[in-house]
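Me: I am new to this structure. Can you show me how to read its features, step by step?

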Amino acid sequence: MAVAFIMSWRENEDGPDEALGRLAGFRRELYWCLGMRRDALFEVCDAAACRQERVLVLAELCLEPECRRGHGGVYDALTAARSV
C-alpha cells in the first residue's frame with residue numbers, strides 16, 4: 001500500500017498540488033475499500049504507515065497519535081472486517 005503510493009509520488013512531476021491530489025485520491029480509495037468499521041480500520045492503517053518502528057503487536061498502534069481507538073476497538077474492527 002505505502003510502497004505503491006511512494007512510487008507514484010516520486011514519479012509525479014506535475015508539482016505539489018498534483019501530488020496532494022493523488023494522495024487524497026489514494027486515501028479515499030483505501031477508505032472505501034475497507035468495508036465494515038472502515039473508520040477504525042483507516043485509523044489503524046494511518047497509525048501503521050506513520051509508525052517509525054516495526055509493528056509487532058497490533059495493540060501498539062493504539063499508542064500512536066493517528067489511532068484514536070483503544071486496543072479493543074482495533075481488534076473489533078479487524079474481526080468485523082474478516083467476517084465480511
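Me: How many residues does α3 have, and how far does α3 reach from its first C-alpha to its last?

Reply: Compare the reach of a helix with its expected span. This is a predicted model. In it, α3 has 13 residues and spans 18 Å from first C-alpha to last. That is close to the 18 Å expected at 1.5 Å a residue.

Me: Which residues of α3 are buried?

Reply: Look at the relative accessible area; buried means under 20%. In α3, the buried residues run from Ala40 through Leu41, Phe42, Glu43, Val44, Cys45 and Asp46 to Ala47. For the protein chain, buried residues make up 27% of the 84 residues.

Me: At what angle do α2 and α3 pack?

Reply: Read the angle together with the distance between axes. Helix α2 covers residues 16-33, and helix α3 covers residues 38-50. Their angle is about 130 degrees, and their axes lie 9 Å apart. Therefore α2 is oblique to α3. Their crossing is right-handed.

Me: Which residues make the contact?

Reply: List each side, then sort by class. From α2 come Arg27, Leu30, Tyr31 and Trp32. From α3 come Arg38, Asp39, Phe42, Cys45 and Asp46. By class, this contact of α2 with α3 has 5 nonpolar, no polar and 4 charged residues. Phe42, Cys45 and Asp46 of α3 are in this contact, and they are also among the buried residues of α3.

Me: How many helices and strands are in the protein chain?

Reply: Count the elements, then read their order. The protein chain has 4 helices and 0 strands. Along the sequence, its pattern is α-α-α-α.

Definitions and conventions:
Residues are numbered from 1 along each chain as its sequence is written. This is a predicted model: local features need pLDDT of at least 70, side-chain atom pairs count only at pLDDT 80 or more; totals for chains, interfaces and linings use all residues. Side-chain values use heavy atoms; hydrogens and water are left out. Axes are lines fitted to C-alpha atoms, for helices over the stretch in contact, and angles run from 0 to 180 degrees between N-to-C directions. Helices (H or I, at least four residues) and strands (E, at least two) are DSSP runs, numbered from the N terminus. Angles under 35 degrees count as roughly parallel, over 145 as roughly antiparallel, 65 to 115 as roughly perpendicular and the rest as oblique. A crossing is left-handed if the near helix is turned anticlockwise from the far one by less than a right angle, and right-handed if clockwise. Contact means heavy atoms within 4.5 Å. Ala, Val, Leu, Ile, Met, Phe, Trp, Tyr, Cys and Pro count as nonpolar, Asp, Glu, Lys and Arg as charged, and the others, Gly among them, as polar. The expected span of a helix is 1.5 Å times one less than its number of residues. Buried means under 20% relative accessible area, exposed over 50%, partly exposed in between (1.4 Å probe, protein chains only).
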